[in-house]
Amino acid sequence: MCYNLIPKKMLSQDPFSTWLGIEILEVSLGRCKVGLKIRPEMLNSMQKAHGGITYALADTAFGFAANTFGKYAVSIETSINHIEALHVDDYITAESKVEVTKNRLGFHYVEVKNEEEIVALFKGVVFRTSKAWELNDN
């Protein structure tokens, strides 16, 4: 199984993450780092990036990393702590790492950064189904 191809396939089938402008930066087994640039239409009424943007980026990194094990992994619980506000033209990254795997559950931790500064912390739990990813288009 080419674990690094799964996030690429997932992104190609994900119009929301594509619309956000999410880029895959790094992939390894149980890990994925993604990034995006904050655009004007991502701001809230206080002219800061909407918290949903940070959440969506972290959730995408989480989902991509969880699926690198080759089985469809679905989120069953997530949470985020927002630490710093973000502005137009900030380029943020989210890196997800699997911290613990128990049977069919995976516990992930995601750091969201603006350059080297942590701006949000995300935790998520996935359930790994028995359905395997198919990477060919046939």
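Modeller: Two aromatic rings of Phe, Tyr or Trp (for Trp the six-membered ring) are taken as a pair if their centres lie within 6.5 Å, and the angle of the planes then sorts the pair as stacked (under 30 degrees), edge-to-face (over 60) or tilted (the rest). By this rule ring pairs link Tyr55, Phe62 and Phe122 into a cluster, and the count comes to four aromatic pairs. The model is predicted, with local features needing pLDDT of at least 70 and side-chain atom pairs pLDDT 80 or more, while totals for chains, interfaces and linings use all residues. Residues are numbered from 1 along each chain as its sequence is written, and side-chain values use heavy atoms, with hydrogens and water left out.

Colleague: What makes Trp133 count as buried or exposed?

Modeller: Buried means under 20% relative accessible area, exposed means over 50%, and partly exposed is in between, with a 1.4 Å probe and protein chains only. Trp133 has 8% and therefore counts as buried, whereas Tyr72, with 28%, is partly exposed. Lys9, which lies in helix α1, is buried as well, with a relative accessible area of 18%. Not counting residues up to four places away in sequence, Lys9 touches Trp133, Glu134, Leu135 and Asn136, where contact means heavy atoms within 4.5 Å.

Colleague: Which residue lies over the face of Tyr72, and how do you know that?

Modeller: A charge sits over a ring if NZ of Lys or CZ of Arg is within 6 Å of the ring centre and within 35 degrees of the ring normal. Lys131 lies over the face of Tyr72, at 4.6 Å from the ring centre, and Arg128 lies over the face of Phe69, at 4.5 Å.

Colleague: What makes Glu95 and Arg31 a salt bridge?

Modeller: The term asks for a side-chain nitrogen of Lys or Arg within 4 Å of a carboxyl oxygen of Asp or Glu, and the closest N and O atoms of Glu95 and Arg31 are 2.6 Å apart. This pair links distant parts of the chain, with Glu95 in strand β4 (residues 91-102) and Arg31 in strand β2 (residues 31-37), 64 residues apart. Lys37 and Asp89 also meet in a salt bridge, at 3.6 Å from N to O; Lys37 lies in strand β2 and Asp89 in the loop between β3 and β4, so here parts 52 residues apart in sequence are tied together. Lys37 is partly exposed at 46%, while Asp89, at 51%, counts as exposed.

Colleague: Which residues have the most contacts inside the largest nonpolar core?

Modeller: A nonpolar core is a set of buried Ala, Val, Leu, Ile, Met, Phe, Trp, Tyr and Cys residues joined through side-chain atoms within 4.5 Å. The largest has 33 residues, and those with the most contacts inside it are Val34, Leu36, Ile38, Val110 and Val112. Helix α3 gives the most to this core, with nine residues. Leaving aside neighbours within four places in sequence, Val110 is in contact with residues including Ala58, Phe62 and Phe122.

Key
Helices (H or I, at least four residues) and strands (E, at least two) are DSSP runs, numbered from the N terminus.
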